[in-house]
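Biologist: Before we begin, could you show me the sequence and the structure, so that we can go through them together?

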Amino acid sequence: MEFKESMKKLKKWFPIVMKYGIFIVALETIILAILRCPYILPFLACDMCPVLDCPSKYYRKPFVAFIVGYVIVFRKDYCSKVCPFGTLNDIIYKVRRMISKKPLKISYELKLILEFLKYVAFLFAILALLYGNPRYYIPIHTSELIDSIKLIYLTAGNTYFARLYLILGALLLGILIPRFWCRYVCPLGTGIQLTKKGIKFTKQQKQQNTCQKCSMCEKND
Ligand code: SF4
Ligand code: SF4
């Protein structure tokens, strides 16, 4: 009985510990990717990245291998249980819930606009990929985060600031709307969503094609 109880507790706490553990490990990389990543899409060109103090430059491959293994072995949903940026969104909303539990309702029209913007961001990411994920500023080497950010402010162009304000703005909106970034901006999340929808649709089509039209399932209902 005691063993069963311990297993139950382990099952409950293990994914939570993993989720926040992964977040803590990835926090420095998240901060650097937001503030210093010189590419339109972070985490894709880490091997040749000139930002020498970003941990992703050295640990991206083993980290990704670990995450993929964890998702497959423990059958965890990446967005809700693993992604460190998703966890950051959760933490931001949790802070807001401590202040007020009142949910913010958004109109149907605004939802439609935000959904549209999500696909615009997705298309933009695809275009960036097709154009080889361009680098939009030349990082100046410095080991100090604050110094490097000051230098970026002096040297970076509009693209850097557009990306920075988009990320920070979406994170701030996450105080009002849970996981705003995930729901209405993240191109990777949109890609995962579309892939899931595609797999579901293909399965349904396969089921329809193999259906013998015997109506047995209707009788069983
Ligand atoms: S290593 Fe470079 S490309 Fe990769 S996330 Fe860090 S800053 Fe971005
Ligand atoms: S939507 Fe994007 S940021 Fe959010 S959890 Fe999924 S991959 Fe991470």
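Modeller: Helices here are DSSP runs of H or I with at least four residues, strands are runs of E with at least two, and both are numbered from the N terminus. Please keep in mind that this is a predicted model.

Biologist: With those terms in hand, how many helices and how many strands does the chain have?

Modeller: Reading from the N terminus on, the elements run α-α-α-α-α-α-α-α-α-α. Counted by type, the chain has ten helices and zero strands.

Biologist: Which residues come nearest to ligand 1?

Modeller: The shell around ligand 1 has 14 residues, and the elements that give two or more residues to it are helix 1 (2-35) and helix 2 (56-74). By kind, the shell divides into eleven nonpolar, one polar and two charged residues. Those that come nearest to ligand 1 are Cys37, Cys46, Cys49, Cys54 and Lys57.

Biologist: And which elements give two or more residues to the shell around ligand 2?

Modeller: The residues around ligand 2 are Cys79, Cys83, Phe85, Gly86, Trp181, Cys182, Cys186, Leu188 and Gly189, and they divide into seven nonpolar, two polar and no charged. The elements giving two or more of them are helix 4 (84-99), helix 8 (180-184) and helix 9 (187-210).

Biologist: What percentage of the residues in the chain is buried?

Modeller: A residue counts as buried if 20 or more other C-beta atoms lie within 10 Å of its own. Among the 221 residues in the chain, the buried share is 16%.

Key: Residues numbered from 1 in each chain as written. Chains lettered and ligands numbered in written order. Predicted model: local features only at pLDDT ≥ 70, side-chain atom pairs only at ≥ 80, totals over all residues. Near = placed C-beta within 6 Å. Nonpolar A, V, L, I, M, F, W, Y, C, P; charged D, E, K, R; others polar. Buried ≥ 20, exposed ≤ 12 C-beta atoms within 10 Å, placed from the backbone.
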